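Here's a quick briefing for anyone opening this structure for the first time. Have a look at it, then read on for a tour by topic.

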Amino acid sequence: MTQSYDVIVIGSGPGGYIAAIRAAQLGLKVAVVEREHLAGICSNWGCIPTKALLRTADVLHTAQHAKDYGLTLEGSIKPDVKAIVDRSRGIAHRMNNGVGFLFKKNKVDIIWGEAKITKPGEIVVSKTQKKPVEPMGPVPKNTLGEGTYTAKHIIVATGARPRALPGIEPDGKLIWTYFEAMKPEELPKSLLVMGSGAIGIEFASFYRTMGVDVTVVEIMSQVMPVEDAEISAFAKKQLEKQGIKFHLETKVAKVEKAANSVTATLEKKDGSSEKITADRMISAVGVVANIEGIGLEAVGVKTDRGFLVIDGYGKTNVPGVYAIGDVAGPPLLAHKAEHEAVICVEKIAGLPNVHPMDKLKIPGCTYCNPQVASVGLTEAKAKELGRDIRVGRFSFAANGKAVALGEDQGMVKTIFDKKTGELIGAHMVGAEVTELIQGFVVAMNLETTEEELMHTIFPHPTISESMKESVLDAYGRVLNA
Ligand SMILES: Cc1cc2nc3c(=O)[nH]c(=O)nc-3n(C[C@H](O)[C@H](O)[C@H](O)COP(=O)(O)OP(=O)(O)OC[C@H]3O[C@@H](n4cnc5c(N)ncnc54)[C@H](O)[C@@H]3O)c2cc1C
């Protein structure tokens, strides 16, 4: 007999699993279809395992600088690649088990297999054709299997996969995607990273701290191209001090493979070219959405540049079919997927006062050393939009806590609308800024002004005081600089 649900979610990543749990909380009968791993890319191959690797890099970096803190370390400290990767994979598996537990607790059915929409309100689940990236653990217990299922509402949360450039396709051996970069068997001596978005820069930072000779190639004029140019330049300088080499406005035109190395031909904007040889290369040139083979053509769901087109509540053009997360377009971030999930499900459940997604208030974080975090408009974007702005800056070098921590390389930049005093952008680089940015996100969500921020008391001594000083600086009232 065909099982019927109020909501079926395809994909159990941060978009899918949060949608399922919120729908269950609202009293809807829910199932999630998953073909490979509970918790999606984020917990298995993205946010969490990279942060585990980067934590190892932080510990190594601190140990290497023990002398700066008055400590003598006897003997040498060396990375043990297998132990580092095992720790990261162990953490990924723990998070993935956690999602299985949450489904059980919230009475969400898991359907194991590959989902395809056959008509509005109906999906067929078949045995997955996708080869898992690493041997799968046991399929979670008590899952449903292949068959036909119906639902009033189908939410597509199928995520994305690495983009491959023609002629430079990853082969998993010499040219890696994030999958292979996440679990190296040994450290290469040299590494070429193609693309300096968050994924490329995080891996560059990790491998450089592990002692690898790292070169980053970026086609745009700055690293982390979506970030504020000043913050990006600051981060680049720090990463260069650590030994990372950058080629900006440069494209990898061709890659020749040898037995145990690659030679890339780099073409610069000025027409010149050069060749670089490295043991391994990471292709980090973005992702493509998983829109194929899920029956979208059958029901006529609209796409644009490879992503599903949705409104602010996750609705596609086809009634009863919704999309959230990476498959529904940028920014390709887990917290964006999660928030879209909640909005979408609350709208389905008919809750009052559901606010549509406001993409300007989605923070972005890169966990390299130094970290980078931002929300809202960059200075360049604000000017491009014709906004009359005031800009404040504050350096960590003048912040007591940052200096005490030995982390005085950083800055906070704030951007205000000159007329209204509204905070329209905040950009940070330095220690723990990925934790600090949330203060500005809350402020922006409350449509705060400079006045309210100046009247907010920040604890002393904390790096967060730099946030307030940056606000004061925008209004000519900075105290500690
Ligand atoms: C290396 C790396 C680091 C990252 N770091 C961060 C970070 O620090 N912070 C951040 O916010 N974001 C980060 N991201 C991005 C983040 O992982 C994604 O934005 C997030 O996972 C998207 O969630 P999602 O639910 O849309 O899709 P996914 O997490 O991709 O999940 C989709 C799920 O759908 C399943 N699926 C697909 N098709 C089918 C089908 N037909 N039937 C059944 N199941 C199907 C897949 O198996 C998968 O489990 C990182 C990504 C990478 C690659």
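Which backbone nitrogen lies 3.4 Å from a polar atom of the side chain of Gln371? That would be the backbone nitrogen of Glu432. Before going further, keep in mind that this is a predicted model, where local features need pLDDT of at least 70 and side-chain atom pairs count only at pLDDT 80 or more, while totals for chains, interfaces and linings use all residues. Residues are numbered from 1 along each chain as its sequence is written, and side-chain values use heavy atoms, with hydrogens and water left out.

**Around Gln371**

- Gln371 sits in strand E21, which covers residues 371-376; helices (H or I, at least four residues) and strands (E, at least two) are DSSP runs, numbered from the N terminus.
- Gln371 counts as buried because its relative accessibility is 12%; buried means under 20% relative accessible area, exposed over 50%, and partly exposed in between, using a 1.4 Å probe and protein chains only.
- The side chain of Gln371 also makes a polar contact with the side chain of Thr434, at 2.7 Å. A polar contact is a pair of N or O atoms within 3.5 Å; within protein, one must be able to donate a hydrogen and the other to accept it, and residues adjacent in sequence count only if both atoms are side-chain atoms.
- Leaving out residues up to four places away in sequence, Gln371 touches Thr366, Met428, Val429, Gly430, Ala431, Glu432, Val433 and Thr434, where contact means heavy atoms within 4.5 Å.

**The ligand and its shell**

- There are 38 residues surrounding the ligand, and the closest are Gly15, Glu34, Lys51, Asp326 and Ala334; a residue is near a molecule if one of its heavy atoms lies within 4 Å of it.
- By class, that shell holds 18 nonpolar, 14 polar and 6 charged residues. Here Ala, Val, Leu, Ile, Met, Phe, Trp, Tyr, Cys and Pro count as nonpolar, Asp, Glu, Lys and Arg as charged, and the others, Gly among them, as polar.
- Elements that each supply at least two shell residues include helix H1 (14-25), strand E2 (30-34) and helix H9 (334-348), but H2 gives the most, with 4 residues.
- Backbone atoms come up to the ligand's oxygens too: a polar backbone atom of Gly15 is 2.9 Å from one oxygen atom of the ligand, a backbone N or O atom of Leu332 lies 3.3 Å from an oxygen atom of the ligand, and for Pro14 the figure is 3.4 Å.
- The protein covers 95% of the 1,000 Å² of accessible area that the ligand has on its own, with areas from the Shrake-Rupley method and a 1.4 Å probe; for residues, only the protein chains shown count as cover.

**The nonpolar core**

- Of the 37 residues in the largest nonpolar core, Phe203, Phe206, Tyr207, Val214 and Ile282 touch the most other members. Such a core is a set of buried Ala, Val, Leu, Ile, Met, Phe, Trp, Tyr and Cys residues joined through side-chain atoms within 4.5 Å.
- Helix H6 (198-209) is among the elements giving two or more residues to this core, and H6 provides its largest share, 5 residues.
- Tyr207 has contacts beyond four places in sequence that include Trp176, Leu191, Val214 and Ile282.

- Cys368 lies in the loop between strand E20 (364-366) and E21, and is buried, with a relative accessible area of 3%.
- Not counting residues up to four places away in sequence, Cys368 touches Ile201, Glu202, Ser205 and Met224.
- Ser43 belongs to helix H2 and is buried at 8% relative accessible area; its contacts beyond four places in sequence are Ile48, Pro49, Ala92 and Met95.
- Asp86 is in helix H4, residues 81-105, and is partly exposed, at 41% relative accessible area.

- A cis peptide bond joins Pro330 and Pro331, with omega about -5 degrees, and Pro331 is in the loop between strand E19 (321-323) and H9.
- The bond from His460 to Pro461 is cis as well, with omega near -5 degrees.
- Ala39 is not a glycine, yet has a positive phi of about 85 degrees; Ala39 is in the loop between E2 and H2 and is buried, at 0% relative accessible area.
- Asn353, also not a glycine, has a positive phi of about 55 degrees, and is exposed, with a relative accessible area of 70%.
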